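Subject: Handing over the model

Hi,

Here is the structure I promised you. Have a look at it first, then read on for my notes.

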Amino acid sequence: MALKATIFKVRLQVADLDRHHYADYPLTIARHPSETDERMMVRLLAFAHNAGDSLEFTRGLSSDEEADLWQLGLSGEIDRWIEVGLPAEERVRKACNRAGKVLVYSYGRRTAGVWWQKHGQALARFSNLRVYQLDPDQTEALASLAQRTMELNVTIQDGHLWIASGEESLEVIPEQLQ
């Protein structure tokens with residue numbers, strides 16, 4: 001029998017001082033059975049970092065043809081394609097050819113650096129690609145905030161993200177590699 005996705009309800013408040021974007025987002029996130037809390041929370045972090053009215057979660061791990069998040073234009077074109085994790089070079093290349101802007105949020109204690117070392121030079125030719133690497137201690141702390149019902153406040157300033165949930169708070173600093 002196939003396992004079903006676990007549903008998470010999130011009330012996300014974003015105060016992005018860098019982009020002057022302030023909004024509340026009531027979100028429903030389906031966590032694929034093979035997805036970890038860390039990956040799901042990195043998806044949520046990527047949403048907060050790029051928050052906007054037309055940004056949406058896709059089927060993610062359930063579809064090879066969709067990003068983890070994307071923002072579609074009024075005529076259906078892909079304005080922004082966002083990947084989380086360590087996507088194959090071919091997948092990033094395809095995304096760069098389909099979307100106006102592509103963002104990758106890489107993470108992983110032992111794997112993110114190796115992934116960038118392997119693919120960085122080949123991906124450098126894409127001017128519409130931005131790659132961020134997340135510190136493993138920060139993403140693991142972020143994963144510890146995961147609950148089925150969450151209220152998160154995210155403040156973004158000078159590229160730093162401060163995430164608060166109840167009494168807990170943490171800082172995440174995405175390192176831009178490209």
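Leaving aside its neighbours within four places in sequence, which residues is asparagine 50 in contact with? They are Arg19, Leu55, Arg80, Ile82, Leu103 and Tyr105, where contact means heavy atoms within 4.5 Å.

Before the rest, some housekeeping. This is a predicted model, so local features need pLDDT of at least 70 and side-chain atom pairs count only at pLDDT 80 or more, while totals for chains, interfaces and linings use all residues. Residues are numbered from 1 along each chain as its sequence is written, and side-chain values use heavy atoms, with hydrogens and water left out.

Back to asparagine 50. You'll find asparagine 50 in the loop between α1 and β3 (55-57); helices (H or I, at least four residues) and strands (E, at least two) are DSSP runs, numbered from the N terminus. Asparagine 50 has 5% relative accessibility, so it counts as buried (buried is under 20% relative accessible area, exposed over 50%, partly exposed in between, with a 1.4 Å probe and protein chains only). A polar atom of its side chain lies 2.9 Å from the backbone oxygen of alanine 46. That is a polar contact in this sense: a pair of N or O atoms within 3.5 Å, where within protein one must be able to donate a hydrogen and the other to accept it, and residues adjacent in sequence count only if both atoms are side-chain atoms.

Now the whole chain. It has four helices and 11 strands. The radius of gyration is 16 Å, which agrees with the value near 16 Å for a compact globule of 178 residues (taken over C-alpha atoms; the globule rule is 2.2 Å times the number of residues to the power 0.38). The C-alpha trace spans about 45 × 45 × 40 Å along its principal axes, and buried residues make up 49% of the chain. Of the contacts with a separation of 6 or more, 53% are between residues 24 or more positions apart.

On to the strands, which pair if DSSP finds at least two bridges between them.

Two bridges link β7 to β11 in an antiparallel arrangement, and tyrosine 132 stands opposite glutamine 176 in β11.

Two helices are worth a look. In α3 (residues 112-123), the buried residues are Ala112, Trp115, Trp116, His119, Gly120 and Leu123. Seen down the axis of α3, they fall within an arc of 130 degrees, so they line one face of the helix (the arc is that of the directions from the helix axis to the C-beta atoms). These buried residues pack against α2 (89-98), β6 (99-106) and β7 (129-133), while the face turned away carries the exposed Val114, Gln117, Lys118 and Gln121.

In α4 (residues 136-143), Pro136, Gln138, Thr139, Leu142 and Ala143 are buried. Their arc is within 160 degrees, so they too line one face of their helix. Their cover includes α1 (37-49), β9 (160-165) and β10 (168-172). Aspartate 135 caps the N-terminal end of α4, with a side-chain oxygen 2.9 Å from the backbone nitrogen of aspartate 137.

Cheers
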